[in-house]
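Here is a short briefing on one protein chain. Keep the sequence and the 3D view open as you read.

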Amino acid sequence: MVNNMYSIETKKLTKKFKDKIAVNGIDLNIKQGELFALLGTNGAGKTTTIKMLSGLILPTSGSIKILDMDMKKDIFKIKEILNVSPQETAIAPNLTVKENLEFMAGVYQIKDKDKKINELIKMFKLDEVLNKRSKTLSGGWQRKVSIAISLINDPKILFLDEPTLGLDVIARKELWKVIYELKGKITIILTTHYMEEAESLSDRIGIMANGNIVEVGTSKELINKTKAKNFEDAFVSIATGGEL
């Protein structure tokens with residue numbers, strides 16, 4: 001379960017692109033085993049924050065610690081213990097599901113790769129699509145396979161970027177079940193535009209606006225703080241500074 005050691009700690013984390021400040025000196029602590037949703041409107045700074053936290057881009061200033069390791073000094077060690085399931089489904093379209101899993105197990109040089117692959121097949125119930133080419137799968141299946149692949153290296157931290165974007169209600173709920181199963185076992189940072197998803201899945205939620213983290217709390221805490229009827233109204237109130 002969630003404990004008090006932090007998976008991610010940032011201090012005054014800042015990213016500038018020329019004259020534009022995309023992320024404005026944020027302090028963020030995410031506990032081990034926590035599912036933390038990072039929300040915000042387009043342009044709020046979420047994507048830039050995720051890219052810095054996952055080591056894809058370097059901050060302009062400030063610091064990032066991942067499981068007590070410094071992002072600048074220990075980037076290679078850190079990259080071994082995290083993974084990203086991107087918005088664009090990261091699977092090879094002409095390979096079968098099994099071939100995709102085998103290929104990525106090879107890339108990560110997984111020692112007991114058959115055992116790991118079988119574990120993922122079971123967890124994601126992939127048996128029925130195992131020998132199908134990935135490009136023939138529905139969006140829901142493709143997203144499941146993509147998340148399965150992101151777990152091939154047993155990451156301690158997983159970034160889920162809009163995992164259910166464009167999926168129908170049934171496919172979305174099925175993917176939620178998978179995410180629920182992962183809760184507490186690894187640290188998950190979720191970005192989503194679906195308020196119901198953030199409310200249902202996350203332990204805590206951070207809301208970004210104009211490069212700042214303006215509020216952090218559970219969905220109930222944020223609803224109470226804004227005196228809103230529901231979480232969506234609370235989000236709108238916080239993200240717009242109460243202007244709508």
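## Hairpin, helices and salt bridges

Asn-210 takes a positive phi near 50° in the hairpin of strand 9 and strand 10, where 2 residues lie between the strands. Keep in mind that this is a predicted model.

**The hairpin**

- Strand 9 covers residues 204–209, and strand 10 covers residues 212–217.
- The two strands run antiparallel and are joined by 5 bridges.
- Ala-209 has Asn-212 in strand 10 as its bridge partner.

- Strands of a sheet pair through backbone hydrogen bonds, either parallel or antiparallel.
- Strand 4 (residues 61–66) pairs with strand 5 over 2 bridges, in the antiparallel sense.
- Ile-66 stands opposite Met-69 in strand 5.

**Two lysines with positive phi**

- Lys-12 has a phi near 50°, a positive value in a residue other than glycine.
- Lys-12 belongs to strand 1 (residues 6–17). Its relative accessibility is 59%, so Lys-12 counts as exposed.
- Lys-18 also has a positive phi, near 55°, and is likewise a residue other than glycine.
- Lys-18 sits in the loop between strand 1 and strand 2. Its relative accessible area is 82%, so Lys-18 is exposed.

- Helix 5 spans residues 139–150, which makes 12 residues.
- From its first C-alpha to its last, helix 5 reaches 17 Å, close to the 16 Å expected at 1.5 Å a residue.
- Is helix 5 largely enclosed or largely open? It is largely enclosed by the rest of the structure, because 11 of its 12 residues are buried.
- The buried residues of helix 5 include Trp-141, Arg-143, Val-145, Ile-147 and Ile-149.
- Gly-140, Gln-142, Ser-146 and Ser-150 are also among the buried residues of helix 5.
- The cover over these buried residues includes strand 6 (82–85), strand 7 (157–161), helix 3, helix 4 and helix 6 (169–182).

**Salt bridges**

- Side chains of opposite charge can pair when their charged atoms come close.
- The structure holds 9 salt bridges.
- Arg-204 and Glu-34 form one of them, with the closest N and O atoms 2.5 Å apart.
- This pair links distant parts of the chain: Arg-204 lies in strand 9, Glu-34 lies in the loop between strand 2 and strand 3 (35–40), and they are 170 residues apart.
- Is Glu-34 buried or exposed? Glu-34 is buried, because its relative accessible area of 3% falls under the 20% cut-off.
- Lys-116 and Glu-119 also meet in a salt bridge, at 2.8 Å from N to O.
- Both residues lie in helix 4, 3 residues apart, which is about one turn of the helix.
- Lys-116 is buried, with a relative accessible area of 7%. Glu-119 is partly exposed, at 38%.
- The side chains of Glu-174 and Lys-144 form another salt bridge, at 3.8 Å from N to O.
- Glu-174 is in helix 6 and Lys-144 is in helix 5, so the pair ties together parts that are 30 residues apart in sequence.
- Glu-174 is partly exposed, with a relative accessible area of 36%. Lys-144 is buried, with a relative accessible area of 10%.
- Salt bridges that share partners join Lys-116, Glu-119 and Asp-154 into one network.

**A nonpolar surface patch**

- Which residues form a nonpolar patch on the surface? They are Phe-103, Val-107 and Tyr-108.
- Together these residues have about 280 Å² of accessible area.
- Tyr-108 lies in the loop between helix 3 (97–107) and helix 4 (113–123).
- Tyr-108 has a relative accessible area of 32%, so it is partly exposed.

Technical notes
Residues numbered from 1 in each chain as written. Predicted model: local features only at pLDDT ≥ 70, side-chain atom pairs only at ≥ 80, totals over all residues. Heavy atoms only, no water. Patch = residues over 30% accessible without salt bridge, like charges linked within 9 Å, V, L, I, M, F, W, Y side chains within 5 Å. Areas by Shrake-Rupley, 256 points an atom, 1.4 Å probe, with all protein chains shown as cover. Salt bridge = Lys/Arg side-chain N within 4 Å of Asp/Glu carboxyl O. Helix = DSSP H or I, 4+ residues; strand = E, 2+ residues; numbered from the N terminus. Buried < 20%, exposed > 50% of the residue type's maximum accessible area, 1.4 Å probe, protein only. Expected span 1.5 Å × (residues − 1). Contact = heavy atoms within 4.5 Å. Pairing = 2+ DSSP bridges.
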